[in-house]
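Let's take a walk through a protein model together, one step at a time. Have a look at the structure below before reading on.

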Amino acid sequence: MSTRLATKARLLNTDKQIRFSFNGKQMIGYEGDTLASALLANGQMMMGRSFKYHRPRGVIASGAEEPNALVGLGSGARFEPNQRATTTELFDGLSATSQNHWPSLEFDIGAVNNKLARFFPAGFYYKTFMAPRAAWKSVFEPIVRQSAGLGKVPKDRDADRYEHFYAFMDVVVVGGGVAGLQAAKAAAQSGAKVLLLEQTAHWGGRAPVDGGVIDGQPVDKFVEELVSELETMPNVTLRLRCMASGVYDHGYVLGYERLTDHAPEASGPRHRLWRVRAKQVVTATGAIERPLSFAGNDVPGVMLASAIRDYAVDYGVSVGDRTVVVTNNDDAYRTAITLKNLGLEVPAVIDARASAGGELAEEAKALGIRVETGKGIAKVQGSKRVTGVAICSQAGEGAVIEEIPCDAVAMSGGWSPVVHLWSHCGGKLIWDDVRSMFRPDVDKAPTGADGQGFVVAAGSANGLLHLQNILADAQAAGASAAKAAGFTPKSAAAPEAQAREEAPIEPVWLMPQGAGPKLRMKAWLDFQNDVKVSDVMLAAQEGYESVEHTKRYTTLGMATDQGKLSNINGLATLARSLNADIPQVGTTTFRPPYTPISMGAIAGEARGEIFQPLRKTPMHGWHEEHGAHWEPVGHWRRPYCYPRQGESHADAVAREINQTRKSVGMLDASTLGKIIVKGPDAGKFLDMLYTNMMSTLKPGKCRYGLMCSENGFLIDDGVVARIDEDTFLCHTTTGGADRIHGHMEEWLQTEWWDWKVYTANVTEQYAQIAVVGPNARKLLEKLGGMDVSKDTLPFMQWQDGELAGIGVRVYRISFSGELSYEIAVPASNGRALWDKIAEAGAEFGIMPYGTEALHVMRAEKGFIMIGDETDGTVIPQDLGLTWAISKKKEDYLGKRAQARSHMTDPKRWKLVGLETIDGSVLPDGAYAVAEGTNANGQRNTQGRVTSTYHSPTLGKGIAMGLVLNGPDRMGEVIDFPGTDGKTYKARICDPVFYDKDGEKQNV
Amino acid sequence: MLILHCPYCGVDAEETELHAGGEAHLKRFGPGSSDADFESYLFGRENPKGVHFERWRHVNGCGKWFHAARCTATLEVFGTYSAQVLEPPQDIRDAITAKRPGWSWRDIQ
């Protein structure tokens, strides 16, 4: 059992008890506990099960590198999976649940995978689910889906608030250990603006636990004074509980501040994402202890030596009464000494090195601790909890020399600098053979815009492990970062520190070094993803030589681990299997975030209504008052229709169309793009942009035009009005306004920059109202003002004037086939004019209509719609629009492309109308099938539906589509199989279903 | 998240203010050009590890297009300059030569 010690713990306030629950069981901890320390204090060693084999797992680490103790926290809208117990601060009412098991943590059906482990080797998924093919859908997929995923997905919308915060800093120091604090001070003394981020709730990092003396004081005291000093400096910002999750291009740093995770009742946002621009970054991110690879190194009770020490010193938690320490370096002796001094039993230190002669070893021996050198662990005994270890010669194959009963094992395979942030933006690493670690290559730092390095590693993150060296390195790093940021650092010496001298480490990648297959199958490299020494060796044997490939094949270092614990042991095992050197094999790529950050923090304030701004026309309020059913069109909301009491949307659309065609309707067309193109070369410019000739258009007239990309495909259409000799107004589609304006600017600025043309996107400056139907003219005449007669204002012309006392510009253009006026007014007058038209139109039964009625009416007339008839692969020639392509022009955008052989291929599908034999509506997007099958055994196709509607005017289904040789096959009936199993028969016809001669619009 | 200096409005713009426009200094081929020339103009692009010339637009700023000379491998920016030139100006080339002697890009050196 693990339990709470009676001694004083560094971080606990034992005056304040905290109640929490784990898997529904009520437990008690103290203020200052993490969830992990509190669980251990309550005797709860087992905290979860592993992902693949569902093996019982306890906590291994005490910090962000923890792979096993992942829990679901909270409930309902505040539930969050995969939270590390080691980084979760305890608060009153915390409720946690363990993961990866069913029905319970203690008894788990999925643990059968463990018994079958030899059938689940590396690459198991690739090997097993290959055949039979039919088994995929019915057998494999359901099983994989059932067992996939770490933790449970939250079901409710997140109830918390998040925010983004922007900062510009001269120096960002990451890590609030002694190195980070000292570097921050060195940088700040130059006057540089410094931000210091620490991911935990405490300053000082590991040093206070590891001991030593700085400037004649205990480390704790030194840290306290240094923090107070930094707090008084106005150019220093200090942040606890704020993890630097990534370092990106040109000094961009993301910080993830957890504001209320430890105090959920506090007000304000839960997380804050710091988006920082730093001139220089100091990574004082410390080092992480490596596990050792021996059989049973994942049994609950086997932990990192430093973690056992942390729990004892920081939280007053004893992980077990009898702890065997196993190591290849001196640092683990600190754990043995600490435990012994706390009155706990340390039956032996198993040191894999031939001799152990450092000061720490001597101190341990002096305390009466048995030290066995040249030995290793052959095997850990116990399943849900360590019961003992069998020791052997490290040099041998695992013949058991002795069995030592114990209930905990403290392992240390040496220390790996946390190089993640150094590496994110391209910093390179070198392998240090003496210290058995990858550390930052100071000559190959990540480079910024000026080509100079912008990241400096400091302290143990830079590979230094002795306190004096760490402080000296940090002092130098802080000063050099300040200098690189343009400041003059003060010449100051680093504080004097004393700590034990350590004997050198000896690398141990497998324990014992000659362990056979049976032991290797139980020696874990990656605890979270259940990757063992045997899996990596198998991958190497199967030809996976690249560390990146091996990672993906075995899942080594994936998920939340991201190489923190497993990386070095894994690649050393791979190197050994390939008989290569470690630097030759290299590391996998470190990618942000360092530890997972919440989706809420990434989203920040951008959620719900303010996810993106909504564009509203001046008449938006009126539509809302009149019950509009909205359709999103780009960032706009347009009324789809205005359903009345008891009406379906289809009923409403039919009513709107019928009344418009019979009398008069009105449409809010304000969202239509409006771009002014002005200048002496405006006509020449538009001739290049449109397929047809615009320069010949007379002022006062309108012309429908098509725009293509340089690749020949149709990208937009609309009516162009020539305002005067120098000025054109180009209408674009609603969704295309910004894009087309950008398209114009791109060509003007980058290709034809000597042409005298200006463009302005005035879409939002004008409201536009279409008044449509046989009574449209009568209605306008009733409003009074300008002459809107056929003679004065004929079809495809425009005029400025006044209607109902409001200055207007009226275009005689029609997208419905009816007599139609589009009336543009400055946006501020849009609502006033709309109201006047609605009022005056009452006697004609004026019918406001929405986008669906607009679509149906244009389809009845055979007008194309960008995005329906076009999809980025359609050229105007496909749509029977050759009349709108100038033959006289030498050039326009897309002309050369349209001359390519596959563009002129007569077999390109062409636009036709389609009418079903039984009057039903063709399914949208349906394909017309042809005889025979293609190489994949699929039915050949000969066309597809591009627009399809029920036409209230004609009382039947109408459609447009692209069909092979369509225009030459009028009257032919072709088959469109629907997804409903029914085959629709449709006759090829003219796409103009209504008023072919245009008698209604041209009156 | 690059920072590029907009040569028009003088702002050191964050990448979120900018829109990348692909390779710089393309020569347009229109009607009458050969299939090979047209294909290369429309689809053929450099993909260097090292010195590269790109088009950017300060889209959430002054709206102007400009050119950037930078290193795709190290993120170093050699300079930004007007969109209204047919090839990189001499000062930009000199800046690159100072940092990357012997560089070349297409047939530019």
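First, some ground rules: residues are numbered from 1 along each chain as its sequence is written, while chains are lettered from A and ligands numbered from 1 in the order in which they are written. This is a predicted model, in which local features need pLDDT of at least 70 and side-chain atom pairs count only at pLDDT 80 or more, whereas totals for chains, interfaces and linings use all residues.

Here pLDDT is the predictor's confidence in each residue, from 0 to 100. Chain B has a mean pLDDT of 96, and 100% of its residues reach 70 or more. Within chain B, confidence is lowest in strand 2 (residues 12–14), with a mean of 95, and highest in strand 6 (residues 77–82), at 98. Helices (H or I, at least four residues) and strands (E, at least two) are DSSP runs, numbered from the N terminus. The model as a whole scores ipTM 0.97 and pTM 0.91.

Now find where the chains meet. Residues count as in contact if their C-beta atoms, placed from the backbone, lie within 7 Å. By this rule, 21 residues of chain A are in contact with 21 residues of chain B. On the side of chain A that touches chain B, helix 22 (737–750) and helix 26 (895–898) of chain A are the elements that give two or more residues. Helix 22 of chain A makes the largest share, 4 residues.

Next, turn to a sheet in chain A. It is an open sheet of 6 strands in the order 43-44-45-42-36-46, with mixed pairing; two strands pair if DSSP finds at least two bridges between them. At the edges lie strand 43 (798–803) and strand 46 (847–848) of chain A, each pairing on one side only. Strand 43 of chain A runs antiparallel to strand 44 (residues 806–811) of chain A, and 6 bridges join them. One bridge links A:Trp798 with its partner A:Tyr811 in strand 44 of chain A.

Finally, how do two helices of chain A lie together? The axes of helix 20 (residues 649–662) and helix 25 (residues 851–860) of chain A come within 9 Å and cross at roughly 60 degrees. Axes are lines fitted to C-alpha atoms, for helices over the stretch in contact, and angles run from 0 to 180 degrees between N-to-C directions. Helix 20 and helix 25 of chain A are therefore oblique to each other: angles under 35 degrees count as roughly parallel, over 145 as roughly antiparallel, 65 to 115 as roughly perpendicular and the rest as oblique.

Notes. Two residues are in contact if their C-beta atoms, placed from the backbone, lie within 7 Å.
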